[in-house]
Amino acid sequence: MDQHLPTQQHTELLRFITCGSVDDGKSTLIGRLLFDSKAIFEDQLAAISATSQRRGMSETDLALLTDGLQAEREQGITIDVAYRYFSTPKRRFIIADTPGHEQYTRNMVTGASTADVAIILMDVRKGVLTQTRRHTHIVRLLGIRQIILAINKMDLVDFDEQTFNQVHQEFLTFANALGFDDIIAVPMSALQGDMVVDRGTSMPWYQGHTLIDVLESVKVDENIQHAPFRFPVQLVHRVRNSGELNERRLYLGRVESGHVSVGDEVVVLPAGVNTTVASIDTYDGALKSATAGQSVTITLSEQVDISRGDMIAQKSHPPRTEKSFSALICWLSNAELDVSKRLLLRHGTQTVAAKIAALEYKLDINHSIHVPTEKMAMNDIVKVLVRVQQPINIDNYESNRPNGSFIIIDELTNDTVAAGMVVEN
Amino acid sequence: MSALNHLDRLESEAIHIMREVAAQSKNPALLFSGGKDSIVLLRLAEKAFRPLAFPFPLVHIDTGHNFAEVIAFRDRRVSELKEKLIVRRVEDTIKQGRARVKSENDSRNALQAITLVDTINEFQFDACIGGARRDEEKARAKERIFSFRDEFGAWDPKNQRPEIWSLYNARVHPGENMRVFPISNWTELDVWSYIARERLAVPEIYYAHKRPVVRRGIQLVPVTELTPPRPEEVVEELWVRFRTVGDITCTCPVASEAKDVEAIIAETAVTSVTERGATRMDDQTSEASMELRKKQGYF
Ligand SMILES: Nc1nc2c(ncn2[C@@H]2O[C@H](COP(=O)(O)OP(=O)(O)O)[C@@H](O)[C@H]2O)c(=O)[nH]1
């Protein structure tokens with residue numbers, strides 16, 4: 001493969017998550033991606049070669065590249081999400097590398113929350129496992145619409161086309177119901193490298209893209225650009241230029257969804273005041289318009305009383321302003337939900353006191369069924385009714401990830417105890 | 001409407017993070033060493049807060065083992081920006097007997113942690129913005145953008161706060177603090193691309209220059225008063241540049257003829273040794289050395 005281009009100013013950024021059960025070859029695959037795309041450096045290679053030898057292995061184990069913390073090396077497991085970086089001439093990639101054990105649903109939720117695409121890794125000999133179902137379900141729940149099915153260890157089934165097709169079909173049988181936009185299956189051997197970056201010579205029957213080709217060509221999720229405009233105010237600055245009579249109020253923040261232009265009609269929430277956008281500024285100068293993902297400074301044509309946590313939104317498509325709403329919550333804390341504790345909910349830039357008013361059901365993601373529940377423990381995903389002290393301005397997560405998501409903080413310990421997604425009431 | 005390119009996305013994310021610090025923390029600080037990553041942080045702070053002043057002072061934990069050019073650069077940049085700089089010296093920590101050195105020429109990187117934690121306590125900072133990147137080192141790959149430190153300044157890798165979407169939780173109790181890394185997701189190449197795009201000045205020693213060095217393992221060790229050659233070593237005058245500019249006793253240059261930022265980008269894009277591997281002697285000691293130092297309060 002080509003080396004990276006010297007200036008990478010025009011490349012896109014793609015974030016993806018890798019999920020697989022233990023021993024499916026996830027570390028090997030990531031090591032292979034980094035190695036074959038030349039993101040691995042000599043000194044890293046030297047360090048892992050030495051370790052491989054010390055452990056009595058004949059070849060350098062690429063999986064060691066993704067080894068992290070001391071405790072993980074000692075126990076031979078991964079315990080936390082790690083982020084890894086590589087680039088090709090076309091794209092810059094951020095991998096959220098998440099461990100696959102049952103108890104780490106919370107890590108998968110973390111990794112998936114910012115990913116555009118998911119790679120679901122399978123061992124071709126094992127077919128669809130309970131873990132595969134769980135991973136696939138979670139990434140869909142977290143709003144990922146495109147998955148790459150990496151059917152690994154093809155070398156162990158003599159690179160047989162039939163076996164690949166069977167496993168692919170088996171996967172589609174259950175995943176089609178989940179409503180992904182796109183499922184692309186790639187047969188590969190992470191160990192030998194076939195169809196990861198290089199095509200290899202063992203699977204002439206496969207006419208599709210290699211994994212890296214798919215990663216370079218899948219669409220970066222742009223739904224958020226087309227959603228209604230949402231701008232949670234992070235900070236309010238007041239400035240008065242010399243000679244100006246009135247101070248100007250600058251609203252600092254990031255466009256979380258949609259786009260905004262000077263002159264657009266907007267509504268300020270929760271006050272409900274209508275006004276128009278007077279200017280959009282950045283350090284590099286004024287803009288005519290801004291789009292999702294951009295950090296900017298907005299001024300409005302009317303003086304409105306706005307503080308952090310308020311939202312400027314598209315007037316014709318405002319969010320719901322609610323004090324009570326339904327949500328799916330993934331519980332992240334070691335300690336179970338204790339309704340007597342004071343909880344804070346953070347949504348966008350807003351922080352409000354919150355209560356879990358009712359537990360509707362627990363999602364059994366291994367079997368895609370709902371089961372009754374009285375409690376919420378670590379890694380549980382539960383449909384709940386949330387009540388907040390002051391109204392917040394929300395959209396459903398399915399149509400707007402940034403404005404449909406929130407976290408819950410234990411006010412006493414300050415820990416982040418849950419991640420939540422707003423759903424239809 | 002097209003999606004943002006990747007540098008714009010990284011920049012916007014970093015601005016968002018800095019503004020969250022300003023909004024959520026009562027008494028933050030930004031660590032500025034004069035190195036390239038913290039130079040990028042300053043530009044990001046300008047983008048986040050101008051026309052107003054920064055909502056935090058700049059802090060430099062001075063090892064005393066500096067390249068003179070870097071300190072001169074630091075002071076020039078601070079006065080251009082008209083911001084406040086607080087300097088605390090590892091030297092003073094040693095004099096107070098709060099840190100021990102075996103010899104004058106030993107690396108002070110680890111001791112920096114003690115001075116940093118002392119400084120955090122002195123000013124009661126509840127958040128310190130730093131320029132660490134996850135691609136630097138494997139213990140960093142698992143660190144949060146908002147990384148919690150207990151009242152001893154220690155990082156507990158097994159007990160980190162979950163960080164989901166871009167909803168950051170900077171809440172701490174008195175005595176605890178957050179280390180915040182707005183450029184976590186940047187690589188060395190991104191940093192140089194950004195320096196080029198923004199036309200940022202960096203200390204001269206980042207560019208190729210002739211310097212007396214000795215070869216030690218895969219590293220080139222600069223010959224300075226604090227790092228004299230060993231008896232058996234041959235001193236050579238080579239074209240080199242620095243990729244990091246930390247403690248002079250453990251920072252090594254790489255052979256290079258890159259005299260401008262474009263040339264550095266071209267070299268970085270095809271380099272074959274990690275930034276820390278080539279340039280930091282202290283990370284070579286063991287696979288876990290960075291992790292250990294971080295648990296003790298290091299950045
Ligand atoms: N034969 C074969 N073995 C593989 C392949 N990919 C991974 N492995 C092996 O499967 C085992 C588990 O791989 P590893 O990457 O550590 O799995 P992880 O637990 O998913 O990270 C190791 O012994 C790998 O060498 C492959 O494509 N073919």
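**Notebook: a look through chains A and B**

**Entry 1: helix H7 of chain B**

I started with the neighbours of helix H7 of chain B, and found that its buried residues pack against helix H6 (188–197) and strand S9 (236–242) of chain B. A reminder to myself: this is a predicted model.

Next I wanted names: which residues of H7 (residues 261–269) in chain B are buried? They are B:Val261, B:Ile264, B:Ile265, B:Thr268 and B:Ala269.

**Entry 2: the ligand**

I moved on to the ligand and looked up its surroundings. There are 15 residues around the ligand, and A:Asp23, A:Lys26, A:Ser27, A:Thr28 and A:Asp155 are the closest. By type, the shell holds four nonpolar, six polar and five charged residues. Which element gives the largest share of the shell? Helix H1 (residues 26–36) of chain A does, with three residues.

- The side chain of A:Thr28 has an N or O atom 2.5 Å from an oxygen atom of the ligand.
- For A:Asp24 it is the backbone that counts: one of its N or O atoms lies 3.4 Å from a ligand oxygen.
- A:Asp155 has a polar side-chain atom 2.7 Å from a nitrogen atom of the ligand.

**Entry 3: A:Lys153**

I picked A:Lys153 next, and found it in the loop between strand S5 (146–152) and helix H6 (161–175) of chain A. A polar atom of the A:Lys153 side chain lies 2.7 Å from the backbone oxygen of A:Asp23, and A:Asp23 is among the residues closest to the ligand. Setting aside residues up to four places away in sequence, A:Lys153 touches A:Asp23, A:Asp24, A:Gly25, A:Asp123, A:Val124, A:Arg125, A:Met188 and A:Ser189.

I checked the backbone here too. What is the phi of A:Lys153? It is positive, about 65 degrees, although A:Lys153 is not a glycine. I noted this because most residues other than glycine have a negative phi.

**Entry 4: A:Pro187**

Is A:Pro187 buried or exposed? Its relative accessibility is 0%, so A:Pro187 counts as buried. It belongs to strand S6 (residues 182–187) of chain A. I listed its contacts beyond four places in sequence: A:Ile151, A:Met154, A:Phe164, A:Asp194, A:Met195, A:Met203, A:Trp205 and A:Tyr206. I also checked one pair: A:Pro187 and A:Val128 are 59 residues apart in sequence, with 15 Å between their C-alpha atoms.

**Entry 5: the loop between S5 and S6 of chain B**

I looked at two residues in this loop. B:Lys158 lies between strand S5 (146–149) and strand S6 (177–180) of chain B, and B:Trp165 lies in the loop between S5 and S6 of chain B as well. B:Lys158 has 56% relative accessibility and therefore counts as exposed, whereas B:Trp165, at 9%, counts as buried. Phi of B:Trp165 is positive, near 50 degrees, in a residue other than glycine. From B:Lys158 to B:Pro253, 95 residues apart along the chain, the C-alpha separation is 35 Å.

**Entry 6: cis peptide bonds**

I looked up two cis bonds. In chain A, the bond from A:Leu269 to A:Pro270 is cis, with omega near 10 degrees; A:Pro270 is in the loop between strand S10 (265–269) and strand S11 (273–282). In chain B, the bond from B:Arg50 to B:Pro51 is cis, with omega near 15 degrees; B:Pro51 is in the loop between helix H2 (36–49) and strand S2 (58–62).

**Entry 7: whole chains**

| | Chain A | Chain B |
|---|---|---|
| Secondary structure | eight helices and 22 strands | nine helices and 10 strands |
| Buried residues | 59% of 425 residues | 64% of 299 residues |
| Accessible surface | about 17300 Å², 47% from carbon and sulfur atoms | about 11200 Å², 50% from carbon and sulfur atoms |

I also looked up contacts between residues at least 6 apart in sequence: 73% of those in chain B join residues at least 24 apart. For chain A, the share from residues 24 or more positions apart is 70% of contacts with a separation of 6 or more.

Notes. Residues are numbered from 1 along each chain as its sequence is written. Chains are lettered from A and ligands numbered from 1 in the order in which they are written. This is a predicted model: local features need pLDDT of at least 70, side-chain atom pairs count only at pLDDT 80 or more; totals for chains, interfaces and linings use all residues. Side-chain values use heavy atoms; hydrogens and water are left out. Buried means under 20% relative accessible area, exposed over 50%, partly exposed in between (1.4 Å probe, protein chains only). Helices (H or I, at least four residues) and strands (E, at least two) are DSSP runs, numbered from the N terminus. Contact means heavy atoms within 4.5 Å. A residue is near a molecule or strand if one of its heavy atoms lies within 4 Å of it. A polar contact is a pair of N or O atoms within 3.5 Å; within protein, one must be able to donate a hydrogen and the other to accept it, and residues adjacent in sequence count only if both atoms are side-chain atoms. Ala, Val, Leu, Ile, Met, Phe, Trp, Tyr, Cys and Pro count as nonpolar, Asp, Glu, Lys and Arg as charged, and the others, Gly among them, as polar. Accessible areas come from the Shrake-Rupley method with a 1.4 Å probe; for residues, only the protein chains shown count as cover.
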